[in-house]
Amino acid sequence: MNIPNNITNICCIGAGYVGGPTMAVIAQKCPEIKVTVVDINQQRIADWNTENLDKLPIYEPGLKEVVQEARDRNLFFSAEVDKAIDEAQMIFISVNTPTKTYGVGKGMAADLKYVELCARKIAKVATSDKIVVEKSTLPVRTAESIKTILDAEGKNVNFKVLSNPEFLAEGTAIDDLHNADRVLIGGDQDEDGLKAIQSLVNVYSHWLPLERILTTNVWSSELSKLTANAFLAQRVSSINAMSALCEQTGANVDEIANAIGSDSRIGPKFLKASVGFGGSCFQKDILNLVYIARSYGLGEVADYWEQVIKLNDYQKRRFAEKIVKTLFNTVSGKKIAMLGWAFKQDTNDTRESAAIYVADYLLNEQAELVIYDPKVKAGQIYTDLDYLSTRSEEENKRLITIVNDPYEAMDDSHAVAILTEWDEFKAYDWKRVYNCMKKPAFVFDGRNILNIRIMDEVGFELYTIGRG
Ligand code: UDX
Ligand code: ADP
């Protein structure tokens, strides 16, 4: 197989939260490599090509500067999928792999139809040897299926499949890519496999030291991604479990996090109690892991990881219940301001955001919600609620109001609920907010970001997660 040591042409299929930023950084750091990002969604491609860099389809701190530097130099966004595939020596598959919503494995297994379509497309279009890189998170042993599909066309073209899972976190994607703790590349341990691994190592070594580029066999690489996300989510569920106990006992969850995080074996990160984790990866990857474990007959392993999700659902429900209970057991007709809709700060992504579940719960109790998020568009909020709820679109439209001004959201409200840890929430004029709210004025801080002392002084009834 023809495997160049130094790649000069890369194609990435999928211009989403992973493909877009990752390819932008590869193009920025490897100016001699032509990087073309393609997508079947033509609007998305048009958005990536926008003149106004503030209107890129994805919001990530530092992204627009990277795109500005590389776009139209060696970074291209194109809807000409076939052409880009055929010209490339290395093709990244970076399409979405949501949880299946139908058939066998519904609600658990990853839906691989988009990945399979990509593999079929590559097999059909390719006229020269290709290295195909799995970037999307996939169940262990997917590379094998991809390889089977690629080879099935029976053309005189060779393929090598690598696994190169993405570990970037949204909101810090550019920094995570620039200063990755590690890059993981899995490949076959035969001669061509090792050559393919090396050619990808050579891409990343443009800016990362070699000791941070780890190479493994394909299956370890695939399973490492699921394992990393499961461990991270488990930490959040672990501290959230303790938060419930803290509230009963008068202990303070932040003090506990600090105390245990000082143990170098535990470490301080990912110990922030919250209304629950969200995002496109944690729940999906754990469900996937649970499904795989169960399908190999490993019931205890599956149950163990499933508990992380159950605890997260419990935490979201507990927060919503707390609001209703505190507001004298009824929120019907009461105005509640929701600050934040994104699943975490510094992103406009709302997938699996705790805010959606809390809003749905409160709407079932007939609350009037007024929602503000600095980056999420109104249309997305409606879509998220319509997807989850049993109410009609019209009913959701009638029950919620979406505003561009946070003070308008809080004006005359019975309660404020903070769902995302946006920095700007800390800097609000809380005295002014207090004066314009109904009394007693309640704040439910689902992210524990507000200064308790100041809120006390102002006069709020404050609920923060994990404090008795
Ligand atoms: C995650 C992984 O971190 C990343 O490596 C992987 O590539 C994709 O999945 P992401 O989902 O973008 O990244 O965000 P992350 O920072 O991991 O946060 C996930 C959720 O956990 C967010 O809702 C966040 O608010 C929550 N969280 C995180 C907490 O509630 N407490 C914490 O201490 C940390
Ligand atoms: P992620 O967070 O994994 O990046 P996104 O949903 O943000 O997920 O992005 C995935 C992108 O992949 C979407 O823009 C979608 O249109 C694109 N996509 C899905 N299937 C294909 C395909 N067969 N060919 C090209 N692009 C695809």
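A polar contact, as I use it here, is a pair of N or O atoms within 3.5 Å; within protein, one must be able to donate a hydrogen and the other to accept it, and residues adjacent in sequence count only if both atoms are side-chain atoms.

Ground rules first. I'm working on a predicted model, where local features need pLDDT of at least 70 and side-chain atom pairs count only at pLDDT 80 or more, while totals for chains, interfaces and linings use all residues. Residues are numbered from 1 along each chain as its sequence is written, chains are lettered from A and ligands numbered from 1 in the order in which they are written, and side-chain values use heavy atoms, with hydrogens and water left out.

Entry: ligand 1. I looked up the polar contacts and found an oxygen atom of the ligand 3.1 Å from a polar backbone atom of E166. Another entry on the list is K272, with a backbone N or O atom 2.8 Å from a ligand 1 oxygen. K344 uses a polar side-chain atom, at 2.8 Å from an oxygen atom of ligand 1. On its own ligand 1 has 670 Å² of accessible area, and the protein covers 91% of it (Shrake-Rupley method, 1.4 Å probe; for residues, only the protein chains shown count as cover).

Entry: ligand 2. D39 has a polar side-chain atom 2.6 Å from a ligand 2 oxygen, and R351 has one 3.0 Å from an oxygen atom of the ligand. The protein buries 87% of the 580 Å² that ligand 2 exposes when taken alone. Its shell holds seven nonpolar, five polar and three charged residues.

Entry: helix 13 (residues 354-364). Eight of its 11 residues are buried, so the helix is largely enclosed by the rest of the structure (buried is under 20% relative accessible area, exposed over 50%, partly exposed in between; 1.4 Å probe, protein chains only). Among the buried ones I noted I356, V358 and D360. Q366 follows the helix, and its phi is positive, near 65 degrees.

Definitions and conventions
Nonpolar A, V, L, I, M, F, W, Y, C, P; charged D, E, K, R; others polar. Helix = DSSP H or I, 4+ residues; strand = E, 2+ residues; numbered from the N terminus.
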